[in-house]
Amino acid sequence: MIHLEKVCKTFGDLKVLDELDLHVPRGSAFVIMGPSGAGKSVILKHIIGLLRPDSGVIRVDNMSVPDLKGEPLRDLRRDMGYLFQHSALINWLNVFDNIALPLRETMDLPEDEILDRVHHVLGLVSLSQADHKFPSEISGGMQKRVGLARALVTRPRIILYDEPEAGLDPGMSVDIARMIREIGQELGMTSVTVTHSVDCARTVGDHLALFIGGRIALQGTPTEVLDSGHALVHDFLQGSSKS
Ligand SMILES: Nc1ncnc2c1ncn2[C@@H]1O[C@H](COP(=O)(O)OP(=O)(O)OP(=O)(O)O)[C@@H](O)[C@H]1O
Ligand SMILES: [Mg+2]
């Protein structure tokens with residue numbers, strides 16, 4: 001479903017993706033871990049067509065993402081939800097209007113359908129009472145859940161989560177990870193989750209890829225990778241516990 005082959009991306013003289021191969025099957029809950037600054041967000045931005053590779057193949061549902069423009073690119077983005085690393089809510093819009101935004105931008109729906117859909121996803125993230133609040137009036141954890149609701153509202157078949165647990169306390173990050181797993185199963189979505197949290201990776205993922213040095217260094221089930229005793233995993237976990 002998501003297929004990257006020999007993808008290269010360089011910014012100035014910094015090589016971020018170095019012949020990256022990545023394959024995410026339909027229905028998978030795929031997790032990517034890797035050091036800070038390695039290029040994990042850059043991978044997600046390539047999948048959704050916000051960045052173009054220098055070379056290589058990026059296909060989603062057999063469509064070549066870098067070649068899409070205009071209406072087909074808009075269609076693809078409607079099919080893909082994206083939870084940004086920082087919730088990226090719009091401060092002057094209330095919770096309802098923040099969540100309705102992708103519907104209004106990418107779909108031509110009557111207002112009563114918008115109302116139904118927004119209330120449905122607010123229910124999924126347990127925020128039904130908060131629809132008239134502004135981002136500054138709700139906690140960081142609630143903002144994350146609003147971001148999650150906004151990523152879900154177009155009923156995407158694919159959803160990309162960039163560090164859904166970042167900035168949350170441990171209890172809340174477990175809640176968000178569980179919510180991601182349950183919503184994914186309930187709606188039968190394919191997901192790619194970037195995370196720094198081993199707990200989040202184990203909770204969310206059925207497949208884990210360790211991204212180091214511009215490509216996937218190791219992959220398998222979260223247990224296979226994290227409990228492998230491999231030196232790369234050891235070094236990565238040591239490094240991330242220091243940061
Ligand atoms: N649009 C851009 N222009 C120039 N450099 C960029 C751009 N986007 C990312 N980079 C660089 O690419 C590298 C990888 O960035 P990226 O944000 O993907 O890291 P990351 O793995 O997501 O890190 P973190 O875990 O801290 O979020 C960084 O050195 C970053 O500065
Ligand atoms: Mg990032």
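Helix α3 (residues 95-106) and helix α4 (residues 111-124) have axes that come within 10 Å and cross at roughly 120°, where axes are lines fitted to C-alpha atoms, for helices over the stretch in contact, and angles run from 0 to 180 degrees between N-to-C directions. This is a predicted model, in which local features need pLDDT of at least 70 and side-chain atom pairs count only at pLDDT 80 or more, while totals for chains, interfaces and linings use all residues. Residues are numbered from 1 along each chain as its sequence is written, and chains are lettered from A and ligands numbered from 1 in the order in which they are written.

**Helix pair**
- In α3, F96, I99, A100 and L103 meet I114, R117, V118, V121 and L122 of α4, contact being defined as C-beta atoms, placed from the backbone, within 7 Å.

**Ligand 1**
- The residues surrounding ligand 1 include F11, G39, K40 and Q85, each with its C-beta atom, placed from the backbone, within 6 Å of the ligand.
- α1 gives the most to this shell, with 3 residues, and both β2 (14-24) and α1 (40-47) supply at least two.

**Domains**
- The domain assignment, which is automatic or from a database, gives domain 1 (1-68 + 172-243) and domain 2 (81-156).
- The centres of domain 1 and domain 2, taken over C-alpha atoms, are separated by 25 Å, and 7 residues of domain 1 are in contact with 9 residues of domain 2.

Key
Helices (H or I, at least four residues) and strands (E, at least two) are DSSP runs, numbered from the N terminus. Two residues are in contact if their C-beta atoms, placed from the backbone, lie within 7 Å.
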